[in-house]
Amino acid sequence: MLLGTSCKKFLEQPPDNRAVLNSPEKVSQLLGTAYPQANYMAFSESISDNVADKGIGTLERTNIDPFNFKDVANIEEDSPEFYWNACYKAIAAANQALESCGKAKDAENYTAQKGEALVCRAYAHFMLVTFFAKAYDKATANTDPGIPYVLKPEKVVFEKYERKTVQYVYDMIEKDLTEGLPLIDDNKYGVPRYHFTKAAAHAFASRFYLFKREYAKVVEHASKVFPNNNVVAMLRPWNTEYRTLTYNELWARYAKATEPANLLLVETQSVWARNYINVRYGLDATKANEILLASNVTGGTRIFRYQLYTLGTNNYFLPKVNEYFVRESVNAEIGWAYVMVPLFTAEEVLFNRAEANVYLNNINDVLSDLNTYAGTRIYNYNASQHAVTASKIKSFYRTSDVQQGALTAVLDFKRAEFVQEGMRWFDLLRYKTPVVHPTFEGPVLTLAADDPMRIFQIPDLAKQAGIAQNPRK
């Protein structure tokens, strides 16, 4: 029932050949489905402060309802419910893989598969607890309701589950992550970017510990993503190679497995690529200026100015989210839209490390990471002119507290980097930042720090598995 109406079909039809998982290769094939094949960008971007009411535009419930701080009245692709189901499908695959690894007579040959399955299980549960429960707060995590942490393959349709607490979920995520990560073997993957490599798993760990506010561990895991601290080689070359690309070329390249910045990619059924430009609640001229074009702490101009496009009336976009369409048959006119989603990138890891170093008061390290990033994002970058310094931070943000100013700089850069990808919502959750949405008609909508609508609603059908829904106003 965690999977909603799709659960019975999932149990009745073994497309993953669960009955014949008798080799490490077959388990690896199953693990290709242990990543949530659904896209969170539409609902997480639309609830954030990255979007404005344009007054006109495509009307999609996955965009309308989050903007208006309402439960999403849609269960298809790009909805929270679709994402919930995809996460538990991924968990089911990971658990089946783990069971097969545990029963194998030559279990030592399944070590890498066990490691990938554990990290996959941890990741899917982490995303569920992030969207469908309160953000981690050490003071309340022992009482805040979590989400069901599933540890075994489902054998019956009407299995009963309990939510337990956010702290319990985080403890289980950490257990799976720390046990699984050392077992991962990058050499087992044909296309590493579609799996949890060591680098991708460390990237996940850096995000997990950032939410948990264990900053030394964030730095530890983030630094392992960059061998010999070769950060620049892994960042997107926005102010060099990207600068010369047409928007079609950029769309084609952004989420490719050959792009070093992409640490982990997943194929998702999604129409966000066709919607994110034209939806009513999105990136308009005002938000584009606020996030991408306005002056910044370097004193230079962000390269995004030169890759920011418009389409129609007041629709602004960066060519990131690309669709590929799979026809139902060779001659069919119907089919399914897919989007390749970068789940973890080198840029996020760099920001995670910089933010953690702010709290560890390693300001020189923060400045180093900010300048490394700026060197790939500022037009005609010149270190002597554009370097971020403590004095620049205090002046630009009008503060005498360089630590607070450095944090603001990190979050500003991060917001611009991931605009239209839904990542901003994670930071708004962690800092319990209120979100304000002025509407075209006049009323101003406010999502307060403690508003229950910050937590997406657990699907109705999950109630049949004994799972209590989140409270509403």
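Modeller: Before we start, buried here means under 20% relative accessible area, and over 50% is exposed, with partly exposed in between. Also keep in mind that this is a predicted model.

Colleague: Fine. Why is Glu-174 called buried?

Modeller: Its relative accessible area is 14%, and the cut-off for buried is under 20%, so Glu-174 counts as buried.

Colleague: And what makes Lys-217 and Glu-174 a salt bridge?

Modeller: The closest N and O atoms of the two are 3.5 Å apart. The limit is a side-chain nitrogen within 4 Å of a carboxyl oxygen, so the pair qualifies. Lys-217 sits in helix H9 (residues 215–223) and Glu-174 in helix H7 (residues 166–180), so the bridge ties together parts 43 residues apart in sequence.

Colleague: Why is Lys-217 called partly exposed?

Modeller: Lys-217 has a relative accessible area of 32%.

Colleague: What about Arg-472 and Asp-71, what makes them a salt bridge?

Modeller: For Arg-472 and Asp-71 the closest N and O atoms are 2.8 Å apart, and the limit is within 4 Å. Arg-472 lies in the segment after strand E9 (444–447) and Asp-71 in the loop between helix H4 (61–67) and helix H5 (80–103), so this pair ties together parts 401 residues apart in sequence. Arg-472, at 24%, is partly exposed, and so is Asp-71, at 33%. A search of the whole structure finds 30 salt bridges.

Colleague: Zooming out, how do you know that the radius of gyration agrees with a compact globule?

Modeller: With 473 residues, a compact globule would come out near 23 Å, and the chain has 22 Å, so the two agree. The C-alpha trace spans about 65 × 55 × 50 Å along its principal axes, and buried residues make up 57% of the chain.

Notes:
Residues numbered from 1 in each chain as written. Predicted model: local features only at pLDDT ≥ 70, side-chain atom pairs only at ≥ 80, totals over all residues. Heavy atoms only, no water. Rg over C-alpha atoms; globule rule 2.2 N^0.38 Å. Buried < 20%, exposed > 50% of the residue type's maximum accessible area, 1.4 Å probe, protein only. Helix = DSSP H or I, 4+ residues; strand = E, 2+ residues; numbered from the N terminus.
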